[in-house]
Amino acid sequence: PAKSPFFFTLIAHLFPKQNNSMMDAVVQFIRNALCVTKDFNYLGETFLYDPKVTAQYYAFPSPLDQTTPLEILIAITQFYAFVSVSLSGYKMITGAGVGKLQLINRLVNLRATAAKEAKKDKKDPKTTDADKSETVARELVTTSLIDESDAATRSFFVGTNVLFLGLAFFWLFGNSLHVTSTDWIGGIRGLIHALTVMEINLVVFLYYMVKDAGRATRKSFKMANFAAKIAASKKLSDMETITVEQYSWLVGGWSPFWAEGSSGSVVAEEKRMTKEEEAVASKLAAFSKKIDQDVSDRILAQSRICLFEGYREYLYLALNFFAFYGYLVGIIVFYYQEESDQPEYIRSMLLRMPNGDADWLGNAVGDFCWTIEPIVILGSPLVINSMSPKKKKEKLA
């Protein structure tokens, strides 16, 4: 059976700006729906399963001449995955990883130089409210730089896995065209090695799914508590203890240029960082005097969305775990082809089924789970939009 694991959505969860997640989700749905069709032999009496139809358009050499129209369609979507995922991994390594780390390193050096100069020019020790907001703003910027440095390191690590994952799709593409029946790209053993690489990559993604799901649910409760706190005080009463996360909630999302991983101009980086600090200080000063009820209502509404996203991550985790286990069965069956020689733990992992049945069931479960996943992805924006706070219409004079 044709293997078709898919990881576009994992990139979308972890790094939503790295790829066109909606387009990838559509392609994922089409590919895995085609694989499910093949697994269960739906429309088995139609032209989709007739290699002679393929031969009418192109005469493949043997054994590629056994490729059916259905397998051609699957191969096209797998080649899309090979190109798209590989490029996404490369961009995550270079842009969101190495490039971002280089930018943050330059900004940290600028910050250190500015701090030394500030000590030399130290004036009256008395502090005003404006000085306090400026100090907190500098601390928030510094913390944000550290956080984004950690995010860039993660992007480099995950991007490496994504790149290997995308390259492995080439063997799945070849398998759909029966190329693995030859020794051109390593044969069946080459395919199994590619699947093994993908399974290792998926372990990394499952780990981050667990972390992200837990973080999202905890963040939801933090947001709700923070919203209740500012709704009661009507202002930011403890400015010194505010976190980057809380400031981002107050302003409806804070995305400084270093979070994007690009400054546009190296020469202007210091000026841009100074302007960012001034903007943060200005907003903090305003929040310390008054916070409108609309702000706390918005944060409360966003906390519910965040909780939904956390539960959705757990759903993704379940779907991807079953897919991981299902595709793992095919690898196990390849290395333990003699059922009589299989150790007890291998028999248990195969649910004590014959190799052929276990391989088919595992593949079908994997394809089915990755058909459900894009439906969730494509439907999520509709749910989130319905949960988002509606803008109040201005009354006409």
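Helix 2 (residues 21–39) packs against helix 12 (residues 355–387) at about 150°, with the axes 8 Å apart. Helices here are DSSP runs of H or I, at least four residues long, numbered from the N terminus. Axes are lines fitted to C-alpha atoms over the stretch in contact, and angles run from 0 to 180 degrees between N-to-C directions. Helix 2 and helix 12 are therefore roughly antiparallel, a label for angles over 145 degrees.

This is a predicted model: local features need pLDDT of at least 70, side-chain atom pairs count only at pLDDT 80 or more, and totals for chains, interfaces and linings use all residues. Residues are numbered from 1 along each chain as its sequence is written, and side-chain values use heavy atoms, without hydrogens or water.

Contact means heavy atoms within 4.5 Å. Helix 2 contributes Phe29 and Val36, among others, and helix 12 contributes residues including Trp360 and Phe368.

Now the aromatic rings. The whole structure holds 16 aromatic pairs. Rings of Phe, Tyr and Trp (its six-membered ring) pair if their centres lie within 6.5 Å; planes under 30 degrees apart are stacked, over 60 edge-to-face, the rest tilted. Phe79 and Phe82 have ring centres 5.6 Å apart and planes at 50°, so this pair is tilted. They sit 3 residues apart in helix 4 (residues 69–120), about one helical turn. Phe82 also pairs with Phe170, with centres 5.4 Å apart and planes at 55°, so that pair is tilted. Phe170 lies in helix 5 (residues 129–176), so the pair ties together parts 88 residues apart in sequence. Ring pairs link Phe79, Phe82, Phe170, Trp171 and Phe173 into a cluster.

Note on methods:
Helices (H or I, at least four residues) and strands (E, at least two) are DSSP runs, numbered from the N terminus. Angles under 35 degrees count as roughly parallel, over 145 as roughly antiparallel, 65 to 115 as roughly perpendicular and the rest as oblique.
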